[in-house]
Amino acid sequence: MEGIVKIKDKEFVPYISEIDIQKRIVEVAAEVNRDYHGKSPLMIVVLNGAFMFAADLVRNLHIEPEIQFIRISTYGNSMSSSKDAQLLLGLEVDVEGRDIILIEDIVETGYTVGYFIDEVQKLAPSSIKLVSLLYKPEKFKGSYPPDYIGFEIPGAFVVGYGLDYAQQGRELRSIYQLKE
Ligand code: PRP
């Protein structure tokens, strides 16, 4: 793993290595393969942060998923979550009767994905599950904790592997934590 990364005014230290991320994704994919054997779930990727995790996750699946992307915007500053969420880029497929798997990079308060799950439930899918690479249980205040979790982490701000600080750092192969 590389050393300290500087993005704008902040410094970040190595936290979860590329190797550890990839190993864990294989394990999470195995759980999904087992649970959805013979099924064709609709996997909905929440942009932007989840793009990299989703790409690696689906390459480890042996089922036949469909893949769609949505965008949910949260208001608030760049380093904390806000309760208000707004669906920006909507779903383009019929979800009625489908097995839905939402793919997130991180669940903190749970408000962002909770808002979307509430909306999707109105469309009568057969099932909805949530897979998130990262989960901050200390910060969670929502109704839908992830069903599949890559790593449970403490509250500190993280960047890399899809996650940004002020829209930068998404390209990093590893995950970094804000240096205190
Ligand atoms: C991040 C992340 C989740 C959400 C988690 O998205 O991808 O969607 O915040 O926070 P919460 O559980 O407290 O709601 P963000 O709004 O930063 O957009 P991005 O994916 O484009 O970076």
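Q: How do β6 and β7 pair, parallel or antiparallel?
A: β6 and β7 pair in the parallel sense, over 8 bridges. Keep in mind that this is a predicted model.

Q: Which residue in β7 does Ile101 stand opposite?
A: Lys129 in β7 stands opposite Ile101. Ile101 also faces Met43, which stands opposite it in β6.

Q: What about β3 and β6, parallel or antiparallel?
A: Parallel. Strand β3, residues 42–47, pairs with β6 over 4 bridges.

Q: How many residues of β6 are buried?
A: 9 of its 9 residues are buried, so β6 is mostly covered.

Q: And what holds paired strands together in general?
A: Strands of a sheet pair through backbone hydrogen bonds.

Q: New topic. What is the strand order in the open sheet of 4 strands?
A: The order is β1-β2-β10-β9, and the pairing is antiparallel.

Q: Which strands stand at the edges there?
A: β1 (5–7) and β9 (158–159) do. Each has a single partner strand, so one side of each is left without a neighbour in the sheet.

Q: How many bridges join β1 to β2?
A: 3 bridges, and the two strands run antiparallel. β2 covers residues 10–16. Within this pairing, Val5 stands opposite Phe12 in β2.

Q: Is Phe12 buried or exposed?
A: Phe12 is buried, and so is Phe157.

Q: OK, aromatics. How many aromatic pairs are there?
A: The count comes to 4 aromatic pairs. One of them is Phe12 with Phe157, a tilted pair. Their rings are 6.2 Å apart centre to centre, with 45° between the planes.

Q: Where do Phe12 and Phe157 lie?
A: Phe12 lies in strand β2, and Phe157 in the loop between β8 and β9. The pair therefore ties together parts that are 145 residues apart in sequence.

Q: What kind of pair do Phe157 and Tyr165 form?
A: An edge-to-face pair. The centres are 6.0 Å apart, and the planes are at 80°. Ring pairs link Phe12, Phe157 and Tyr165 into a cluster.

Q: Why do Phe157 and Tyr165 count as buried?
A: Buried means under 20% relative accessible area. Phe157 has 13%, so Phe157 is buried. Tyr165 has 6%, so Tyr165 is buried too.

Q: Which residues of α1 are buried?
A: They are Ile21, Arg24, Ile25, Val28, Ala29, Val32 and Asn33.

Q: Why might residues on a helix point the same way?
A: An α-helix has 3.6 residues a turn, so residues three or four places apart point the same way.

Q: What do the buried residues of α1 pack against?
A: They pack against β2, α2 (51–58), β6 (99–107), β7 (127–135), β8 (148–152) and β10 (175–178).

Q: Zoom out. How many helices and strands does the protein have?
A: The protein has 3 helices and 10 strands. Its radius of gyration is 16 Å, close to the 16 Å that the globule rule gives for 180 residues. So the protein is as compact as a globular protein of that length.

Q: What box do the C-alpha atoms fill?
A: Roughly 45 × 35 × 25 Å, along the principal axes.

Q: And how much of the protein is buried?
A: Of its 180 residues, 47% count as buried.

Notes:
Residues numbered from 1 in each chain as written. Predicted model: local features only at pLDDT ≥ 70, side-chain atom pairs only at ≥ 80, totals over all residues. Heavy atoms only, no water. Pairing = 2+ DSSP bridges. Buried < 20%, exposed > 50% of the residue type's maximum accessible area, 1.4 Å probe, protein only. Contact = heavy atoms within 4.5 Å. Phe/Tyr/Trp six-rings, centres within 6.5 Å; stacked < 30°, edge-to-face > 60°. Rg over C-alpha atoms; globule rule 2.2 N^0.38 Å.
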